[in-house]
Amino acid sequence: MGSTHAEVESALSADQKAALRRAALNGEYHLLLGAGASLDSRSKKGRDLPDSSELSKRLSARFDVPFDKGDWLWRIYDRAVEEAGQDKVYEWLRAEFWQVVPPYWFDYYARSPWNTVWTLNIDNSFEAAHARVSTESSRRIRPVNWNDEYSSNRDLSVVHLHGMVDTSEPRELIFSLKEYAGASNSRAAWPLNFRDTYGNAPYVIIGARLRDEPDIEDVVSRRHPGHGAPSFYVAKTISAATRRDL
């Protein structure tokens, strides 16, 4: 089971609450979004965005590749790429996952003063919510693909750690084990920056199954919180095993 707001608040010490306020006011918190954060978004065709199981089924059907019970998404994706080619699969993913309409509750997070937004999703839920609530005084956002050149300015970086489908020219995505390995060997700057900040800065993590992504689990399992302000993990359910691991 998860914890209620009241239970979380009562579990924080006075020092943690003070550190939380300071960090929030100073814009020190990072936001990490997983697939669960996008499930309430709808595609431009009006369909709910799929979870990994549903995406596997859709890929299998669209590209006519086999799908065994219990198959991993990366295997289905690999088969689709082998069958139709990288460009065709990217084009289909772009139609399904870009120009989405996020749910109303995303607006609360889009208004918050984050240091950086990290997302494991290829969709633009956060960017769309930010566009919906932004004003003339709002901080400008900068969508970033995982292998883009690193730079720092006053813009709010929204870093897609597994890629994004914002351009008609195919981006480098991270779905298959081969792509995970290639990204790891690339020593790209943005994933290294995420590795450096996780644990050393406070995080709010929403809808991310941290133990199912090889690159993310490696970071999480090796890093213990070192910041005075608490980090928060938000999910519909939190199993005893997940609670123990976190």
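## Nonpolar cores

The largest nonpolar core has 22 residues, of which Leu59 and Leu93 touch the most other members; a nonpolar core is here a set of buried Ala, Val, Leu, Ile, Met, Phe, Trp, Tyr and Cys residues joined through side-chain atoms within 4.5 Å. Buried stands for under 20% relative accessible area, exposed for over 50%, and partly exposed for what falls in between, with a 1.4 Å probe and protein chains only. At least two residues of this core come from each of helix H3 (52-63), helix H4 (73-84) and helix H5 (86-97), where helices (H or I, at least four residues) and strands (E, at least two) are DSSP runs numbered from the N terminus. Another core, of 20 residues, lies apart from it and includes Ala23, Phe126, Val133 and Ile141. In soluble globular proteins, nonpolar side chains tend to be buried together.

This is a predicted model, in which local features need pLDDT of at least 70 and side-chain atom pairs count only at pLDDT 80 or more, while totals for chains, interfaces and linings use all residues. Residues are numbered from 1 along each chain as its sequence is written, and side-chain values use heavy atoms, with hydrogens and water left out.

When neighbours within four places in sequence are set aside, Leu93 is in contact (heavy atoms within 4.5 Å) with Leu55, Tyr77, Trp98, Ile122, Val165, Leu173 and Phe175.

Tyr90 is placed in helix H5 and, at 3% relative accessibility, counts as buried. Not counting residues up to four places away in sequence, Tyr90 touches Met164, Val165, Asp166, Thr167, Ser168, Glu169, Pro170, Arg171 and Leu173. From Tyr90 to Glu169 the separation is 79 residues in sequence and 9.0 Å in space, C-alpha to C-alpha.

## Salt bridges

Taking a salt bridge as a side-chain nitrogen of Lys or Arg within 4 Å of a carboxyl oxygen of Asp or Glu, the count comes to eleven. One of them joins Arg47 to Glu96, with the closest N and O atoms 3.1 Å apart. Arg47 lies in the loop between strand S1 (30-33) and H3, and Glu96 in helix H5, so this pair ties together parts that are 49 residues apart in sequence. Arg47 is partly exposed at 37% relative accessibility, whereas Glu96 is buried, with a relative accessible area of 3%. Lys45, Arg47, Glu54, Arg58 and Glu96 are linked in a network of salt bridges. Leaving aside neighbours within four places in sequence, Glu96 is in contact with Ser43, Lys45, Arg47, Leu49 and Arg58.

Another salt bridge brings together the side chains of Arg171 and Asp148 (3.2 Å, N to O). Arg171 lies in the loop between S4 and helix H8 (177-186), and Asp148 in the loop between strand S3 (141-145) and S4, so the pair ties together parts that are 23 residues apart in sequence. Both residues count as partly exposed, Arg171 with a relative accessible area of 21% and Asp148 at 24% relative accessibility. The side chains of Arg42 and Asp48 also meet in a salt bridge (2.6 Å, N to O), and here Arg42 is partly exposed at 39% relative accessibility, as is Asp48 at 41%.

## Cavity

A search of the whole structure finds one cavity of 30 Å³ or more, and about 50 Å³ of space lies in the largest cavity. On a 1 Å grid over the protein atoms alone, a cavity is a set of points where a 1.4 Å probe fits but cannot get out, a pocket is an open set with protein on both sides within 12 Å along at least five of seven lines, and lining residues have an atom within 4 Å of a point. Grid points are joined across faces, edges and corners, and a volume is the space filled by probe spheres set on the points.

The largest cavity is lined by 14 residues, and Leu33, Thr119, Asp123, Ser125 and Phe126 are the closest to its centre. Helix H7 (125-133) and strand S4 (156-160) each supply at least two residues of this lining, the largest share, three residues, coming from H7. By class, the lining has five nonpolar, seven polar and two charged residues, with Ala, Val, Leu, Ile, Met, Phe, Trp, Tyr, Cys and Pro counted as nonpolar, Asp, Glu, Lys and Arg as charged, and the others, Gly among them, as polar.

## Largest pocket

The largest pocket has a volume of about 1,400 Å³. Among the 49 residues that line this pocket, Ala35, Gly36, Ser52, Arg209 and Glu213 are the closest to its centre. H3, H4, H8 and strand S6 (232-234) each supply at least two lining residues, and H3 gives the most, with four residues. The lining divides into 27 nonpolar, 13 polar and nine charged residues.
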